[in-house]
Amino acid sequence: MDPVRVFEEAERLRRRSDFQGAIKRYKVALRGFKLENDGEGELHTLLALSDTLRMVGRYREALEGYSEAEAIAYNLRDTRTRHDALLGKGLSLRGMGKWEEALRIFRKVKRYYTRSKDKEGIAFVLWAEAGALRYGGRPRASIRLLLKALDMNRQRRDTAAVGYCLNALGGASRVAGDIEASYRYYRKANRIFTEINDTFGRAYSYCGLGNAMRMKGHYKEAIEYFRKAIKLYRRIGDVVSSSYTLWSLGQTYIMLKRLVYAERYLKEALRFFKKTLDYRGKVYYWLSIAQVHFLKGQKSQAVRNLLKAVSISEEYKFGLELCHVKYMLHYLREMDSPDCYRSLKVNLQFDGIPFNIP
């Protein structure tokens, strides 16, 4: 067995978005490099394997791989790859909702890339940092960083990176309340990913377009986009992104007051959120299932659901999600209205339940 050839095969599978197949081949290549005592081969295979594990939501395994890669890179005095591994750890933590810890890592890595004048690295870490800020309830700051990353990637003529920045801008714009901008960003991203035949990026953009349609009240079109996304995510074995698409479907059916369908999709989303240890995803589940219970006349159960969302949001400092919960509790308990949307500088308005959560 030639581990180099197996590694190259894994890379081809990953480029085709066959993540499960790539993971299996990377593991075979890794064993081969270890047998040959090839530190550099082992390092780069660990990094690629961990990246792929992270993309399918296997965050704990990814963190272990990144830590091992970081140690090998330190021994080989490969400073660049050590920081790449550290960046991967940050992305895994961000995926689990631990955005503050991730943000500290991203800023450390950004200082290194800046000193090294590594434009590719700087653009990537700006994108990563923007995602952490969005999770922390600062979508406007997230948008500013993403626009910088977008400009850098356009100058570098990195088409795929441009597409992923546009997808991220679509998400940040949506939660900031700018739905038209969100739709435009996702449309541009979809055209790019269709052109370059990037299955993951295309699925991501379909989900985003679905959410933009949902926020516009075009629920039939939203469902069509979500189904396109899920079909692609299932093909490539992506659990992380498909969980949010399932949640989005559940939320769409809440708006249509088709509660049996809403519960079905929300429960499936929760199963994936638990599998990937995604605490932010759990908050969205409790926010939505609370609305289902309220619409079924189960007000006390809805309040209990929202209190679970409060507990997680406060622990992980999910600013925007906590604001959603406060507005719902204000409505259910007839409390004074909070003013947190304005303080977060988002253009959102709570009009009662069902609430179309962005």
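Buried means under 20% relative accessible area, exposed means over 50%, and partly exposed lies in between, using a 1.4 Å probe and protein chains only. Keep that in mind for every stop below.

**Before you start**

This is a predicted model, in which local features need pLDDT of at least 70, side-chain atom pairs count only at pLDDT 80 or more, and totals for chains, interfaces and linings use all residues. Residues are numbered from 1 along each chain as its sequence is written, and side-chain values use heavy atoms, with hydrogens and water left out.

**Stop 1: the whole chain**

Show the chain as a cartoon. It holds 18 helices and zero strands. Helices (H or I, at least four residues) and strands (E, at least two) are DSSP runs, numbered from the N terminus. Turn the model around. The C-alpha trace spans about 65 × 40 × 35 Å along its principal axes. The radius of gyration of the chain is 21 Å, which agrees with the value near 21 Å for a compact globule of 358 residues. That radius is taken over C-alpha atoms, and the globule rule is 2.2 Å times the number of residues to the power 0.38.

Of the 358 residues, 62% count as buried. Contact means heavy atoms within 4.5 Å. Among contacts between residues at least 6 apart in sequence, 58% join residues at least 24 apart.

**Stop 2: helix α2**

Select residues 19-35. This is helix α2, with 17 residues. The expected span is 1.5 Å times one less than the number of residues.

Now show side chains. The buried residues of α2 include Phe19, Ile23, Tyr26, Leu30 and Phe33. What covers the buried residues of α2? The cover includes α1 (3-15), α3 (39-55), α11 (199-216) and α12 (219-236). An α-helix has 3.6 residues a turn, so residues three or four places apart point the same way.

Step just past the helix to Asn37. Its phi is positive, about 55°. Most residues other than glycine have a negative phi, and most peptide bonds are trans.

**Stop 3: Met96**

Select Met96, in the loop between α5 (79-95) and α6 (99-115). Is Met96 buried or exposed? Met96 counts as buried because its relative accessibility is 5%. Leave aside neighbours within four places in sequence, and Met96 is in contact with Tyr59, Leu63, Thr276, Leu277, Asp278 and Tyr279. Then find Arg15, which is 81 residues from Met96 along the chain. Their C-alpha atoms are separated by 24 Å.

**Stop 4: helix α8**

Select residues 139-155, the 17 residues of helix α8. Among the buried residues of α8 are Pro139, Ile143, Leu146, Leu150 and Met152. Show α7 (119-135) and α9 (159-175) as well; both belong to what covers the buried residues of α8. After α8 comes Arg157, with a positive phi near 60°.

**Stop 5: helix α10 and Asn197**

Select residues 179-196, which form α10. Its 18 residues should span 26 Å, and its end C-alpha atoms are 26 Å apart, which agrees. The buried residues here include Ile179, Tyr185, Tyr186, Ile192 and Phe193. The buried residues of α10 pack against α8, α9 and α11.

Go on to Asn197, in the loop between α10 and α11. Asn197 is not a glycine, yet its phi is positive, about 60°. Asn197 is exposed because its relative accessible area is 57%.

**Stop 6**

Select Gly250 in helix α13. Gly250 is buried because its relative accessible area is 0%. Apart from neighbours within four places in sequence, Gly250 is in contact with Ala262, Tyr265 and Leu266. Go back to Phe33 and compare: Gly250 and Phe33 are 217 residues apart in sequence and 45 Å apart in space, C-alpha to C-alpha.

Where is Lys257? Lys257 is in the loop between α13 (240-255) and α14 (259-275). Lys257 has a positive phi of about 60° although it is not a glycine. Lys257 counts as exposed because its relative accessibility is 55%.

**Stop 7: a cis bond**

Finish at Pro354, in the segment after α18 (340-343). Look at the peptide bond from Ile353 to Pro354. That bond is cis, with omega near 10°.
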